[in-house]
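Please read these notes with the model open beside you, taking the points in order.

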Amino acid sequence: MVTVRVDGLRARYGGKLALDGINLRMGAGIHGLLGPNGAGKTTLMRTLATVARPSEGSVELLGHDTAQQDGRKRARRRLGYLPQTFGYYPGFTVAEFVEYMAWLKEMPKDRVPEAVERAIERVGLVDRAGSKLKKLSGGMLRRAGIAQAIVNDPELLLLDEPTAGLDPEQRVEFRGLLRDIGSTNTVVVSTHLVEDVAIACDEVTLFDGGKLIFRGTPNELAELGTFGADDARGGDTTLERGYTAALRAYRERAVA
Amino acid sequence: MTARVLWHEIRRSGLPLWITPLLLLVSGLVFIQTLLRTGGQRLEWATSIFYDMTPMVVLASTLALVVAAWRAGRERRRGVAELIESTPRASSQRALLSWISVAIWPVVSCLPAVVAFGSLSREAVSGPPLFGILAAGLATVVAYAALGFAVGTFVPGRFTAPVAGVVSFVVTIALGPRVPHGLLSVVPQPTYGTIATNRSSVGLWDRPVWWFAPAAALWFAALAVALLVVATARRRLLTIVPSALAVLLAIPLAQTQVWRIDTASPSLNCSDGSVRVCVPNEVGVAPNAVATSTKPVRTRLDDLPTVAPLGVVDSTSASAYVWPQNCRSYPERIRCSSPRPSTAGEKLAERVSGWQCSSSSSPGTPMYTSPAPRLERGVRDWLLGRTGDSASEIARYLATLPDNERHEWLSRYLLAAERCDVSAVAGLRVS
């Protein structure tokens, strides 16, 4: 089932065209968004989160047209979002903040206590549930951000740089969480870490200069790098080399 | 659920730390004012409410404005706006929750003023307590919180709240008294004035018309709603016109001279019994308590010819006494002596024995100088039953006189005192 349907999407960020003619379909599973800085990943995430409005094109989430106010509201109830810069209220505890977000997501009140508890447990912050957010480390804050994103069991989960600040052990646990959620729902992860994509994602989408330049499985991306295996500038792993190769090929085509 | 989130907002807003000093400040100001008014001094209700509301309205409203402006800019300052934008909850609900959590603390800081007002209700004079004005004052604080929220929403910078607070404080303090009947007078502020009546010591005070307090409270509440709509509306420009109309409604409200003469204040409230003791409504105490307190003095005054200073009120005036209430008007206040019914007997004796001379102030007032102080003190002591060894010589002398001689002596003195005729008492024996 298609949960994300993007057609002819053009979007601006700071007056500059950040996404140019994007067509995309996503279903259940984990989708990685890769690309260099300024490629348009965050603009796409913001658009999918219904925070940014498209200049052109249409975005349909979970069967709802986000151009319509009612459709946007219905979609928002069923999505979870972790922005690249996670803002929070420092005086709130982890549990209070997650509960506040559950209220904002208009969750049925009888479900909230259990959902808050479960979300905090899934990100491994049970022992810090009563701690104020201002007392948490960067990694813990990121996990609190993930907890608020998943509190409503979203059918579409959007995570922008979710592993930034997490230590290796936490990243391993986080990938497990992604797999768990992605088994039934749609998870979109924007990241710079090719390694995360290789291990966790079912599908990878590569952007450059606002254009979609590659879409396939991590293995298919890795195969693009097999021809330049001896070129150390392409990366240390096959996926990194595939990523570099795809970018170079696109840029060469664009110059030509 | 909403209540729980509101509770989180209230607890985690950091405002309790801000509120504590303000609570102490308002409490201090109100109670100092209250304490200064004890010691035999009474104030009219309009003055009492003014003293209570000045710290309440000025300080609490300024605080409400500041904290609401600060809170309104919180989402953008903390970088939470994007996250919240991705949720379905209506921005008006979110803003209302946020606003309530900050507006509640300034309202709480008004509680000392409310308590002080309640405690003063036994002391103040001139008609019934003006609780409606107090409610209008609370509505003022709430409206300021809405104004701050609207300002903070439009200008979410870090300097918005302190600048708005300073501006509000300066405008309220500096311009408020200069615009007695202008827009700012919508904030309940009494004007002062008395009109002397033909009865000495009974005054008419200004009171607001009955609808003023509810109208002012409603106006402030409506203003608060209008400002919140402006702050949360998706299309803000469309809300400007109805909001401006709401603000402009203050002009007719402020221009109707709502503080008017209280014609009911001097009407009498009388005790039961064959001899009635009447107390003007403005005194605000039970006439029966005054009757009990004054009974010994009144018993000694039986059959004496002059009760005129006590007040002749109607066809049954021969048995009606008006409790002498000594009130003096100052430019900004009215002070009344003898605040407690228990002292009414003493005041009655003082009044009866005092000299009604036009060149002098009334007996019992600070400026009063008796033309015959020894005689006056003696008569007063005798009326109060103070005839023991420590009593004045004249009081003891009066106690030894046969009834008919004492009656003649006292009649001569009281007539002289009422006519301010010192020569008439020149030949009175004093021992």
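1. In chain B, the axes of helix α6 (residues 91-109) and helix α8 (residues 131-154) come within 9 Å and cross at roughly 140°, where axes are lines fitted to C-alpha atoms, for helices over the stretch in contact, and angles run from 0 to 180 degrees between N-to-C directions. That angle makes α6(B) oblique to α8(B), because angles under 35 degrees count as roughly parallel, over 145 as roughly antiparallel, 65 to 115 as roughly perpendicular and the rest as oblique. Helices here are DSSP runs (H or I, at least four residues), numbered from the N terminus.

2. This is a predicted model, in which local features need pLDDT of at least 70 and side-chain atom pairs count only at pLDDT 80 or more, while totals for chains, interfaces and linings use all residues. Residues are numbered from 1 along each chain as its sequence is written, and chains are lettered from A and ligands numbered from 1 in the order in which they are written.

3. Which residues of α6(B) meet α8(B)? They are B:W99, B:V102, B:A103, B:P106 and B:V107, and they meet B:L138, B:V141, B:V142, B:A145, B:A146 and B:F149; contact requires C-beta atoms, placed from the backbone, to lie within 7 Å.

4. Between the chains, 23 residues of chain A are in contact with 19 residues of chain B. Helix α3(A) gives the most to the side of chain A that touches chain B, with five residues, and that side divides into eleven nonpolar, four polar and eight charged residues.

Note on methods. Contact = placed C-beta atoms within 7 Å. Helix = DSSP H or I, 4+ residues; strand = E, 2+ residues; numbered from the N terminus. Nonpolar A, V, L, I, M, F, W, Y, C, P; charged D, E, K, R; others polar.
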